[in-house]
Amino acid sequence: MVKKANAKHPPEESVALRASVLVAVLASTLAVLAQGVGGGALRLASTVGIAGGFAYSHWARYRSGYALKAMLAVGVLLAFAGFLRVATGIQPGAINEVQLPLAELFLWVQFFHSLDVPARRDLLFSLLSSLVLMAVAGVLSVSSALGLNLLVWGAATVVSLVLAHRSEVAALPSLGRLAGESRATVEARRSWGLRSATPALGVLALVGLVGGAIFLVVPAAGAGKAVAFPAKLPSTLAVPRTGGLANPSLGADDPAGDGRRSSTGTGAMASGYFGFTDHLDTAARGRPDNTLVMRVKAARPDFWRGQSFDTWDGRVWKQSHVRPVVASASDGSAIDLQGAAEDRDLGALDLGHDFVQTVYVEQPGPNLVFSAYAPAKVYFNGRSLFELDDGTVRTGVQLPEGSVYTVVSRRPPVTEETLRYSGLSGAALPAATQARYLQLPADVPARVRDLAASVTADAPTAYDKVLALEGWMAANTAYSLDAPRLPAGADAVDQFLFVDRVGFCEQIGSSLVVMLRSLGVPARLAVGYTPGERNPFTGLFEVRARDAHAWAEVWFPGVGWQAFDPTASVPLAGDPYSSAAGAGIVSFLRARLPSLPSWLPRTIGLVALAGAPLVGLSMLAAGRLRRRRALARRSWAEVQLDRLERAGAAHGRSRRPWEGPRRYADILARSVLPDPRLRAVADALESDAWSGDPPSEAARLEAEALLAAVLTADSRRDRRESAVKT
């Protein structure tokens, strides 16, 4: 009787299988919950509820459960209705906001399903849904902490697949012990389920190696508005002065503080950078530590710009225009920015392509919105932001740990050729703006001006002048965090270029800006962060306090502001960039495993690349070895029946599935191999296999000799026919 496809599946008795599936499911649900998904009720249902549901399903595995199924269907419908209610309230253009509600829906479905998993098929469906949850957690995760959940889930999944296979094999009807079959053969057949799990483990190992190899070469995933993380603001604490700058990490030097500042930065956090304030004193010393301050999800690296300074007095940088304007979103979606005055004149926000960056704040810091040049839209939980006319963007609240915002910048396709020939566009700065970015104090030392002129004497374009100055500074000055202190009354640029010849980013960037201004090239000093280190496992750039930086920005007609830095490589928007998902994994691991030999990470990568075919060959060899061992364990009757079948097949008559040894031998003796002794061979085979009275040793030897003679005659005949054809 054929079993119907929709027939009820038998209950699963294996407690070990149920427990391993539960571990995999809990590992995936906890991974999703760790990303800030769900409230108290969902967290309770996704942990205690799922565990209790698995226990209840095992206890009630023989019950019909029609009432329970109906209630679960209602629960799933209610969860889906709640998701639709949230999804329909999302504003157009903010489709990324659907990620968390969708993750919550997946968790509710997993909870309801856990209450009704009586059969093996239901458990395997739970295992599959845990894979979906791990993928969801991977999309939402911004750290490597997910790796622990992934390892637990992977181990539990392998165990579950092996146990499910063994459970399925154990459910097959037993063949029992045939007459004349040795005990070793019976034991081998009973352990077949365990041995057959070996190929599954081999396949998993092969998948792991191939996946690792692909990870090293496949291009990294890009970032777009549709997949940006939803905006998030865990708490709201307004900045004391509306539109003003605040930086609580500076302690007593916080520009939004009570005004009583200290020259030593008393109370400042080790991650606080003194450049994120309303002025930058190049005489200040001290550098932030290795504290992780933010993570940035972006398709490529860039300088994460915070603010700029345009007024220089020989020692301190300040902003000449500090009155902010309000930028807000009327529909609660993205906040459109107007950009800097010179960007508006150029139409910079209408050029190039979108470059999406999502920033995850890890340490309280300034209320600056960090992004690549030039920010055009911001997804932010606050209803409004504040802009300065240099493109600086501030929030009206402090940004605590856990804050998330997304910036869409407009990046013109800048290349070296674009910068070199930008002057041909004729798009000069307005006179007032040009004067602002060419400002210099009257007492700039003459030798600073003379040096700039002599170094760039053979540079025909503004871009070539920048390169010439960067080259001279790289050859004649040194970067050091232990630069000498600036003497009282000394000009910082003059002291750096002609006396100390040692400095850090503030002195280097300031010197480049001052020399460019002396040549009539508009420039300013920008502060922010360098790209940071890309984590190959998350794909995010991890920006630390030590990455706080100051660099020069130079205006190019028809292009806009472009960053330059003699101490670091500044990515150009138009340069090709293609990075594999696993790019930088060797240096990333080496930095975190300093005690290991330097060659080990690279060796691991090579083994991953070369290991896939080796595993495949090993699996093939293991399969052949298993078949040989199986042949060695076969009974005498099985071996001789195989020889009889090969003899018949050589004469064009294979054994049919319904034909027993006696009937098959009779057919061969009458029409294929006219030898009546074959019937005696068949009698010996059946007697050895099923009668319980095995044939005598003489009968066995006679049967073996006859089959050997038949096979030998067939072999000779084949050789003669081959010789005749040749």
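Predicted model: local features only at pLDDT ≥ 70, side-chain atom pairs only at ≥ 80, totals over all residues.

Biologist: How many bridges pair β2 with β8?
Modeller: Strand β2 covers residues 292-297, and strand β8 covers residues 353-361. They pair in the antiparallel sense. The number of bridges is four.

Biologist: Which strands stand at the edges of the open sheet of seven strands?
Modeller: The order is β7-β9-β12-β8-β2-β17-β16, with antiparallel pairing. An edge strand here has a single partner strand, so one side of it is left without a neighbour in the sheet. The edge strands are β7 and β16.

Biologist: Is strand β15 mostly covered or mostly open?
Modeller: β15 spans residues 523-529. A523, L525, V527 and Y529 point one way, and R524, A526 and G528 the other way. In a regular strand the side chains alternate between the two faces of the sheet. Seven of the seven residues of β15 are buried, so to speak mostly covered.

Biologist: Which residue of β18 is the bridge partner of Y529?
Modeller: β15 pairs with strand β18, residues 548-556, over seven bridges. The sense is antiparallel. The bridge partner of Y529 is A548.

Biologist: Which residue stands opposite V527 in β15?
Modeller: Strand β3, residues 304-309, is joined to β15 by five bridges. These two strands run antiparallel. Opposite V527 stands Q307.

Biologist: How many contacts beyond near neighbours in sequence does the stretch 174-194 have?
Modeller: The mean pLDDT of the protein is 79. Over residues 174-194 the pLDDT is below 50. In the model, the contacts of this stretch beyond near neighbours number 27.

How values were computed:
Residues numbered from 1 in each chain as written. Heavy atoms only, no water. Pairing = 2+ DSSP bridges. pLDDT = per-residue confidence, 0-100. Contact = heavy atoms within 4.5 Å. Buried < 20%, exposed > 50% of the residue type's maximum accessible area, 1.4 Å probe, protein only.
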